[in-house]
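Here are some notes to read alongside the model, written as numbered points. Please keep the structure open while you go through them.

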Amino acid sequence: MHTRTLGRDLRVSAIGLGAMGMSQSYGPNPGDRTDMIAVLRGAVDRGVTFFDTAEVYGPYVNEELVGEALAPVREQVVIATKFGFRIENGASVGLNSRPEQIRAVATASLERLGVETIDLFYQHRVDPQVPIEEVAGAVGDLVQEGKVRCFGLSEAGAETIRRAHSVHPVAAVQSEYSLWTRDPEPEVLPTCAALGIGFVPFSPLGKGFLTGAVDASTSFAADDVRTTIPRFTEGNRAANQVLIEHIATLAQAKDATPGQVALAWLLAQHPSIVPIPGTRRITRIEENIGAAQLPLSADDLADLNELAGRVGVEGDRYNEYHMSLVDK
Ligand SMILES: NC(=O)c1ccc[n+]([C@@H]2O[C@H](COP(=O)([O-])OP(=O)(O)OC[C@H]3O[C@@H](n4cnc5c(N)ncnc54)[C@H](OP(=O)(O)O)[C@@H]3O)[C@@H](O)[C@H]2O)c1
């Protein structure tokens, strides 16, 4: 697979792999550990060099899984993880990006991942209690000490990105972005492009919806996060089906799958965009990375660009609590 560069010099495969679903969110979970290790290693065999995890996934166990799976190929891969949630009794109960907490999480994440340096350390959500300059300074100190290579932000607004970047260079911003979640387009993407910051779309397949694998008749496990998301109520899944029908028609004409079209559209938005689709199956990794070789014409892109505006998307991408954590 071809590579792309995040920030000044973080070279990664054009499509990465999100590991979150291997430990939580898209039940039934956790996935069998041996199987998940094989999937992570199978991704490397197929050219994926960019892996995404977080302290809070599990919590903790996802970092351990990723660390163990990638230990034999450590030098070939870039591992991103995240700090910033307050975790008590195995559950996230708010935010904490105080400098001493960032340092403590870095130490624990290094241990769980079994690495000398965290390649990319994102703040998972902007903490309104801690000025972003202090966060950038704390991560900058860890960079000086060789514990962290690059600094990232997740779901940060344009002003926060600019302020953070003025203290310590931000290599990548990771936020939800896909054919049905266009929020970063007006401000965040132009800010990243202007400052030379990479952009990593999470949930690039719309949490599965943009692959066509989810419809109104899909039943989710009780621990599946989609049971809490307005966009995934049965009624909204039915209403949003028209979106996937358009994407599927274009995909068919290109001898591709809807998920590949969704990923290729993201890749076409900017050369520093690196989506991280999540899956627990090697066949789906093969399908997803195929998007790196799917050419979309100017007409295809124009058609897709207008799609969400034309057909509309019903329902918020998060519930009220999680929407409240998104930095404006
Ligand atoms: N920064 C943040 O706050 C944040 C938030 C959410 C996610 N993330 C990161 O972003 C990564 C990706 O996001 P995501 O997992 O939420 O959403 P996603 O990648 O949009 O979708 C994942 C879902 O799609 C399914 N899927 C994947 N490839 C498929 C294919 N080719 N055909 C059919 N179904 C397919 C997966 O099921 P199977 O596993 O069964 O294949 C899973 O249910 C996560 O793993 C995580 O690392 C970050």
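**Notes on the ligand site and a helix pair**

1. In the side chain of D52, an N or O atom is 2.6 Å from an oxygen atom of the ligand. This should be read with the reminder that the model is a predicted one.

2. The surroundings of the ligand consist of 31 residues, of which Y26, D52, Q174, L205 and T279 are the closest. Sorted by class, this shell has 11 nonpolar, 11 polar and nine charged residues, and helix α10 (residues 282-289) supplies the largest share of the shell, namely three residues.

3. Turning to the helix pair, the axes of helix α2 (residues 61-70) and helix α3 (residues 99-113) come within 7 Å and cross at roughly 45 degrees.

4. Which residues in α2 and α3 meet? On the α2 side they are E63, E64, V66 and G67, and on the α3 side they are S109, R112 and L113. By class, the contact of α2 with α3 has two nonpolar, two polar and three charged residues.

Terms used:
Residues are numbered from 1 along each chain as its sequence is written. This is a predicted model: local features need pLDDT of at least 70, side-chain atom pairs count only at pLDDT 80 or more; totals for chains, interfaces and linings use all residues. Side-chain values use heavy atoms; hydrogens and water are left out. Axes are lines fitted to C-alpha atoms, for helices over the stretch in contact, and angles run from 0 to 180 degrees between N-to-C directions. Helices (H or I, at least four residues) and strands (E, at least two) are DSSP runs, numbered from the N terminus. Contact means heavy atoms within 4.5 Å. Ala, Val, Leu, Ile, Met, Phe, Trp, Tyr, Cys and Pro count as nonpolar, Asp, Glu, Lys and Arg as charged, and the others, Gly among them, as polar. A residue is near a molecule or strand if one of its heavy atoms lies within 4 Å of it. A polar contact is a pair of N or O atoms within 3.5 Å; within protein, one must be able to donate a hydrogen and the other to accept it, and residues adjacent in sequence count only if both atoms are side-chain atoms.
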